[in-house]
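Colleague: I would like to learn how to read a model like this one. Could you take me through it feature by feature?

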Amino acid sequence: MYSFIRYLATTSRTAIHQLALAAGLISASAFLSNAHAADVLKIGYIYPSPAGDVGWAHELDRGRQAIEEAFGDKVESMVVENIPEGPDAARIMNQFAAQGAKMIMLGSFGYMNDGLKLAKRYPDIKIIHASGYKLADNMGNFQTRNYESAYIAGIAAGFVTNSNTVGMVAAYPIPEVVGIINAFTLGAQEVNPEITMKVVWLNSWFDPSKAQESARSLIAQQSDVIFSIYQDTPSVVTVAEEEGVYVVNTSSDMKKYAPNHLLASMQISWADHFIEQTQKVLDGTFKGTAFWGGMADGAVSVESLSTDLSAEQMQTINEKVEAISAGTFHPFTGPVVDQDGKVMIKDGDVLPDGDLLGINWLVKGVETRLPK
Amino acid sequence: MLDLLVFVLAGTLAAATPLIFAAMGELVVEKSGVLNLSIEGMMATGAATGFVMAKVSGSAIVGFASAALASALLSLVFALLTVGFLANQVAAGLAVGILGLGVSVLIGKNYEGTTISPIEKIDLGALSELPLLGKVIFAQDPMVYVSIASVIAITYLLKRTKLGLIIRAVGESPDAANSIGYPVVLVRTCAIMFGGAMAGIGGAHLTLSYTPLWAEGLVAGRGWIVVALVVFGTWQAPRIAIGAYLFGAVSLIELFVQGQGFAIPSQLMSAMPYIITIVVLAIISRNPRVVRLNHPASLGIPYLRNE
């Protein structure tokens with residue numbers, strides 16, 4: 001789902017990407033000329049954005065590095081980054097195929113249909129695809145249960161806030177983001193029932209300046225914890241550090257950008273899943289599956305929890321992490337009511353995965369309404 | 001409440017600064033009769049160059065200077081196409097703009113997603129400590145004041161100096177300017193390079209002060225706002241500045257209103273800065289005589305010298 005965001009982000013930045021493509025192609029041709037022994041598994045990786053210091057493509061690239069560490073000489077990587085969805089992506093995929101790649105990682109939602117075509121044309125190429133929903137025998141997909149880590153980060157926010165106000169900076173109200181906001185709020189309310197959430201919707205997939213101003217406006221409105229949702233840059237995090245309020249961010253650990261005021265980072269990690277899938281390709285047992293990884297799978301975690309949290313508070317947090325990892329606790333366990341007080345999850349019920357994937361209501365405690 | 005007022009007012013000055021730099025440059029370019037649509041790309045190039053150079057050298061001045069230089073060089077490409085080879089200015093502007101976005105990605109490649117410590121805000125001691133006014137007026141970064149000075153300087157240049165008259169003459173009627181001995185090609189080329197340098201400085205203000213980090217696509221459409229501001233401000237520096245501050249203020253108020261949880265669709269709120277800026281500028285510029293007077297008559301028309 002997250003890469004669906006990336007998908008939209010890229011379409012809105014197509015012009016930039018098409019230019020950057022030139023750079024991508026240069027690096028592509030550089031590695032494509034490297035022919036190696038036939039028994040090496042060549043793996044092609046396509047990222048929708050540059051693999052910077054933090055963010056979505058950075059995490060995909062960490063997955064690639066994990067594969068290389070685990071398999072050493074048995075694998076060879078071919079990476080092309082900053083590729084917009086569409087004909088360019090399809091061309092790179094076909095180039096990978098022509099160069100003998102037997103496994104391809106597609107890093108964005110919008111590569112799905114081209115990936116599926118490729119999968120049908122080359123049954124011997126195994127494909128793993130970020131957050132799509134179409135499967136084939138030789139094409140699987142993967143996404144993360146970020147609501148689990150959001151719940152834990154929410155507990156931490158509930159502990160540290162003095163003003164009982166959390167400000168959130170988010171791009172668009174898609175289900176993935178709504179789910180994260182809800183889980184975060186429920187977590188915060190578990191330890192601090194008085195807490196309320198303010199949300200600023202950027203209505204833009206990429207505008208670091210606007211994200212920073214949003215954070216400043218939320219701080220001016222008494223928020224003393226800021227939640228930066230899917231900002232691929234440290235924009236919001238640096239403002240929080242500068243203004244001296246706590247900050248939680250998604251995707252990557254941003255501790256180094258806010259050494260004093262980072263409350264928690266909702267880390268995603270593809271390493272285990274990537275290694276498992278690569279092993280299956282090497283063993284010849286690969287079969288396309290839909291992977292929705294949570295804490296139990298090591299796909300999401302909460303990192304860099306602030307040392308300002310007391311030992312007692314850390315204990316509460318760790319217990320919840322264990323309960324979620326063990327499957328004995330689900331963040332969306334009833335009773336949960338929406339903003340209008342309507343019961344959305346009955347006492348004791350758990351929200352089914354299907355509903356969670358399409359969630360379009362906010363829980364009580366979030367002040368801002370969903371834009372309709 | 002005071003916090004909020006400070007947030008909006010102080011933020012407005014900072015938010016409008018990149019727009020004002022680039023718009024003052026574009027104003028001079030358009031007054032010389034050239035429509036340069038590549039502002040977005042030149043701001044991006046300046047933003048990336050300024051960031052990288054400031055990071056490497058540790059000096060913001062070096063950052064701003066190299067940003068101005070890089071964007072001026074890029075605009076030289078545009079000048080070569082439009083003034084040299086008489087290419088269509090719209091097409092050439094779009095092409096150079098896209099080139100600039102690509103160049104910015106290339107320059108910033110190794111710095112993607114990294115941060116920098118922003119340039120220091122001035123500290124006038126007790127003056128900066130004043131409630132409200134202190135934070136808003138006396139504790140901005142130096143470039144904010146430079147941008148305000150540039151509005152005054154450009155107004156003076158265009159209205160009161162001989163150089164300004166020459167630039168305007170070239171923009172109104174290059175043939176007439178040429179016949180009385182002014183070098184049209186040189187004037188236009190210099191104007192374009194000045195516009196490029198100013199756009200570069202505006203871009204560098206984004207990455208060195210306003211949003212002290214580099215990320216691809218950071219300019220996020222501000223270059224296009226600049227082009228619109230110059231036209232809707234009817235080619236008059238003070239009106240363009242008003243437009244820029246209005247745009248900055250409304251975009252900040254929008255964020256505040258959203259946080260307050262009013263039941264206004266956020267999409268409408270996000271469109272507000274554009275709507276209000278255009279409506280207000282259209283109203284203050286509704287006099288067709290003023291528009292006709294200030295619109296450079298030869299804007300966008302390639303000039304071929306009659307030998």
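Predicted model: local features only at pLDDT ≥ 70, side-chain atom pairs only at ≥ 80, totals over all residues.

Colleague: How many helices and strands does chain B have?

Modeller: Helices (H or I, at least four residues) and strands (E, at least two) are DSSP runs, numbered from the N terminus. Chain B has 14 helices and 0 strands.

Colleague: What radius of gyration does chain B have?

Modeller: The radius is taken over C-alpha atoms, and the globule rule is 2.2 Å times the number of residues to the power 0.38. For 307 residues the rule puts a compact globule near 19 Å; chain B has 20 Å, which agrees. Its C-alpha trace spans about 65 × 45 × 40 Å along the principal axes.

Colleague: Is B:Gly97 buried or exposed?

Modeller: A residue is buried if 20 or more other C-beta atoms lie within 10 Å of its own, exposed if 12 or fewer, and partly exposed in between; C-beta atoms are placed from the backbone. B:Gly97 has 26 C-beta neighbours inside 10 Å, so it counts as buried. Across chain B, buried residues make up 56% of the 307.

Colleague: Which residues does B:Gly97 touch, leaving out those up to four places away in sequence?

Modeller: Contact requires C-beta atoms, placed from the backbone, within 7 Å. B:Gly97, in helix H4 of chain B, touches B:Leu37, B:Ser38, B:Glu40 and B:Gly41. B:Glu40 is 57 residues away in sequence, yet 6.0 Å away C-alpha to C-alpha.

Colleague: At what angle do H8(B) and H10(B) pack?

Modeller: Axes are lines fitted to C-alpha atoms, for helices over the stretch in contact, and angles run from 0 to 180 degrees between N-to-C directions. Helix H8 (residues 162-172) of chain B packs on H10(B) at about 105°, with the axes 10 Å apart. That makes the pair roughly perpendicular. Angles of 65 to 115 degrees get that name; under 35 is roughly parallel, over 145 roughly antiparallel, and the rest oblique. B:Ile166, B:Ile167 and B:Val170 in H8(B) meet B:Val184, B:Val187, B:Arg188 and B:Ala191 in H10(B).

Colleague: How many residues does each chain give to the contact between chains A and B?

Modeller: Chain B gives 35 residues and chain A gives 39. Within it, helix H8 (residues 208-220) of chain A and helix H1 (residues 2-31) of chain B have axes that come within 9 Å and cross at roughly 160°. That makes H8(A) roughly antiparallel to H1(B). A:Glu213, A:Arg216, A:Ser217 and A:Ala220 meet B:Asp3, B:Leu4, B:Phe7, B:Gly11 and B:Ala15.

Colleague: What stands out in the backbone?

Modeller: Most residues other than glycine have a negative phi, and most peptide bonds are trans. A:Ser251, in strand E9 (residues 246-251) of chain A, has a positive phi of about 70°. B:Trp235, in the loop between helix H11 (222-232) and H12 of chain B, has phi near 55°. The bond from A:Gly334 to A:Pro335 is cis, with omega near 5°.

How values were computed: Residues numbered from 1 in each chain as written. Chains lettered and ligands numbered in written order. Contact = placed C-beta atoms within 7 Å.
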